[in-house]
Amino acid sequence: MNLSVFEFLLLALATFRLTRLIVFDKITAFLRSPFIEEVEEVEEDGTVVAYIEVKGNGIKKWIGELLSCYWCTGVWCAVLLLGLYYVWPTVMEFVIIVLAITGAAGFLESVVNRLTDF
């Protein structure tokens with residue numbers, strides 16, 4: 001397996017974006033909802049605390065645990081993207097580049113927001 005530094009960076013950014021898409025983005029909440037429930041509670045001081053409750057048993061619980069862990073989901077996203085890249089390089093090259101561009105854009109947006117929040 002020979003990945004260039006550029007391919008590695010593209011895959012890293014694509015994995016970052018795909019993982020965030022699956023674990024955090026509202027657009028994919030329907031994928032998570034059978035396995036986890038996102039609960040918000042208001043504390044006595046008025047602050048809102050959000051946490052995740054995993055649903056079910058067996059495989060359903062396992063998937064819920066996976067979806068509640070950014071690091072765990074990231075490992076499987078990396079395996080999926082890299083595996084499909086080697087099996088179906090023409091199509092996956094496009095998918096990886098799109099995910100990498102959106103991952104870099106999201107990262108840059110976060111940096112700009114932090115720098116302008118002073």
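I began with A50 and looked up its contacts: leaving out residues up to four places away in sequence, A50 touches V39 and E40. I note that the model is a predicted one.

I then checked the distance to E40. The two C-alpha atoms of A50 and E40 lie 4.3 Å apart, although the residues are 10 apart in sequence.

Is A50 buried or exposed? I found a relative accessible area of 58% for A50. The cut-off for exposed is over 50%, so A50 counts as exposed.

Next I placed A50 in its element. A50 belongs to strand β2, residues 48-54. I saw that β2 pairs with strand β1, residues 36-42, in the antiparallel sense, over seven bridges. V39, one of the contacts of A50, stands opposite Y51 in β2.

I looked at the turn of this hairpin as well. Five residues lie between strands β1 and β2, and G46 has a positive phi near 95°.

I moved on to the nonpolar residues. In soluble globular proteins, nonpolar side chains tend to be buried together. Here I found that the largest nonpolar core has 11 residues: L10, L11, A14, L18, C77, L81, Y85, M92, I96, L99 and A100. Which elements give two or more residues to this core? I listed α1 (5-23), α4 (70-87) and α5 (89-116).

My last entry is on L18, one of the core residues. Leaving aside neighbours within four places in sequence, I found L18 in contact with C77, L80, L81 and L99.

Technical notes
Residues are numbered from 1 along each chain as its sequence is written. This is a predicted model: local features need pLDDT of at least 70, side-chain atom pairs count only at pLDDT 80 or more; totals for chains, interfaces and linings use all residues. Side-chain values use heavy atoms; hydrogens and water are left out. Helices (H or I, at least four residues) and strands (E, at least two) are DSSP runs, numbered from the N terminus. Buried means under 20% relative accessible area, exposed over 50%, partly exposed in between (1.4 Å probe, protein chains only). Contact means heavy atoms within 4.5 Å. Two strands pair if DSSP finds at least two bridges between them. A nonpolar core is a set of buried Ala, Val, Leu, Ile, Met, Phe, Trp, Tyr and Cys residues joined through side-chain atoms within 4.5 Å.
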